[in-house]
Amino acid sequence: MPPDERKLVTIERHILDQQGQHPGATGRLTSLLYDIALAAKLIARETTRAGIANILGATASENVHGETQQKLDVFADQVIFRMNDHTGRVCVMASEEHDDLLHIPQGNKPGYYVLIYDPLDGSSNIDVNAPIGTIFAIHRRIEPGDGRGTLADVLQPGHKLIAAAYVIYGSSTMMVYSTGNGVHGFTLDPSIGEFLLSHSFITIPTPAKYYSANHGKQKFWTAGVQHYIEWLQGLDAADHAPLEHRYIGSLIADFHRNLLRGGVFLYPADARQPSGKLRLTYEAQPLAFLAAQAGGYASDGVGDILDLQPKSLHQRVPLFIGSRDLVEQAEAFLREYDQVWLAQYHTAR
Ligand code: AHM
Ligand code: MG
């Protein structure tokens, strides 16, 4: 065997090793993470074949947010559900593409975990061949026993998460996950169909390099966000280097770059979207969990995303996420310039 192959760590082996460090671990979480990795491989396969297989284009159906679903969204959504609806490990699921909870079919045994997922985030990027992603969040069920999961199981604050992961379908496919012991990244080797450890214990580097925001919305931003952006650009009086700007409009791609290079992503509240665009349970919570595990921070502009108690399944939330000091600076600008917005937002929070 070539020397380097002796060091190859598959995602399965890594998950098993991590769980082995917890005495009393039952292996249930290990198996659930295996299932997620397998679903990710299936979605990656379809994603890379999308053009060839001529499965691009919109289906007739719209999702709960009024957006036209792409065929790949539907495929990804179904693969994840079917992978987990009969294993006895999950008591309930929630997908960004569905109005309501996804219950385990009658006759199948509900399990111990709650699985929340965004099957294909950034799907408007599919037919322009830009990176897209899948996001997973895992809670323990609240009520013991083996009954069906409830809305309360899904609507838990982010600090209760026991694992989160995302998959980025880019120039290569990567899966990045954490079970609360650091953030680890795996690159898919398509020739053998395995995710191999490529990034161990990821921490957000300093100094940060990038900020990411949709400048097309600048007209609608609050004063606090406008001042913050000027600060990031080094246009204020302070003597500091400007950050570079990068924005793909695909949350996972923007988050992943800033995780590896340092930076901040923001999708703030604005005059037209008073709670921002992104969803608390499907997008903000799992990425906040991963950011925190990598030494970063995520805020709604007021405080820690992980402390927010979700009120509904598809709740939106303003999001500032990435390098801790940059996110805290955003909070400071909002406190200084956005008292009116903050007063209204606090009552809704
Ligand atoms: P989606 O869940 O409908 O795919 O939308 C979420 C996407 C994120 O990936 C991205 O950060 C954001 O929407 C971009 O929005 P915008 O085009 O308004 O900048
Ligand atoms: Mg999404």
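Helices and strands here are DSSP runs, H or I of at least four residues for helices and E of at least two for strands, numbered from the N terminus. Thr-187 is partly exposed, with a relative accessible area of 24%. By that word I mean anything between buried, under 20% relative accessible area, and exposed, over 50%, with a 1.4 Å probe and protein chains only. From Thr-187 to Gln-315 is 128 residues along the chain, and their C-alpha atoms are separated by 32 Å.

A quick word on the ground rules. This is a predicted model, where local features need pLDDT of at least 70 and side-chain atom pairs count only at pLDDT 80 or more, while totals for chains, interfaces and linings use all residues. Residues are numbered from 1 along each chain as its sequence is written, chains are lettered from A and ligands numbered from 1 in the order in which they are written, and side-chain values use heavy atoms, with hydrogens and water left out.

Okay, ligand 1. There are 18 residues around ligand 1, and Asp-121, Gly-122, Tyr-247, Leu-251 and Tyr-267 come nearest; a residue is near if one of its heavy atoms lies within 4 Å. That shell divides into five nonpolar, five polar and eight charged residues. For the bookkeeping, Ala, Val, Leu, Ile, Met, Phe, Trp, Tyr, Cys and Pro count as nonpolar, Asp, Glu, Lys and Arg as charged, and the others, Gly among them, as polar. Domain 1 (3-199) and domain 2 (210-348) both give residues to the shell, so ligand 1 lies between them. Those domain bounds come from an automatic or database domain assignment.

What about distances to individual side chains? An oxygen atom of ligand 1 is 2.5 Å from a side-chain N or O atom of Tyr-247, and for Asn-214 the corresponding distance is 2.8 Å. Glu-283 has a polar side-chain atom 3.3 Å from an oxygen atom of ligand 1. On its own, ligand 1 has 470 Å² of accessible area, and the protein covers 86% of that, by the Shrake-Rupley method with a 1.4 Å probe. Strand 5 (113-121) and strand 13 (263-267) are the elements giving two or more residues to the shell.

Now, which residues coordinate the magnesium ion, ligand 2? They are Glu-96 (OE), Asp-118 (OD), Asp-121 (OD) and Glu-283 (OE), at 2.0 to 2.4 Å. Donors are N, O and S atoms within 2.8 Å of the metal (3.2 Å for Na, K and Ca), and water is not among the atoms, so sites may look incomplete. The donor spacing in sequence reads E-x21-D-x2-D-x161-E. Glu-96 is in the loop between strand 3 (90-95) and strand 4 (102-103), while Glu-283 is in helix 7 (residues 280-293), so this pair ties together parts that are 187 residues apart in sequence. Glu-96 and Glu-283 are both buried.

Next, helix 6, residues 251-261. Nine of its 11 residues are buried, so helix 6 is largely enclosed by the rest of the structure. Among those buried are Leu-251, Phe-255 and Leu-259. Just after helix 6, Gly-262 takes a positive phi of about 90 degrees.

Last stop: Ser-312, in the loop between strand 14 (297-299) and strand 15. Ser-312 is partly exposed, at 34% relative accessibility. Ser-312 and Leu-155 are 157 residues apart in sequence, with 7.0 Å from C-alpha to C-alpha.

How values were computed
A polar contact is a pair of N or O atoms within 3.5 Å; within protein, one must be able to donate a hydrogen and the other to accept it, and residues adjacent in sequence count only if both atoms are side-chain atoms.
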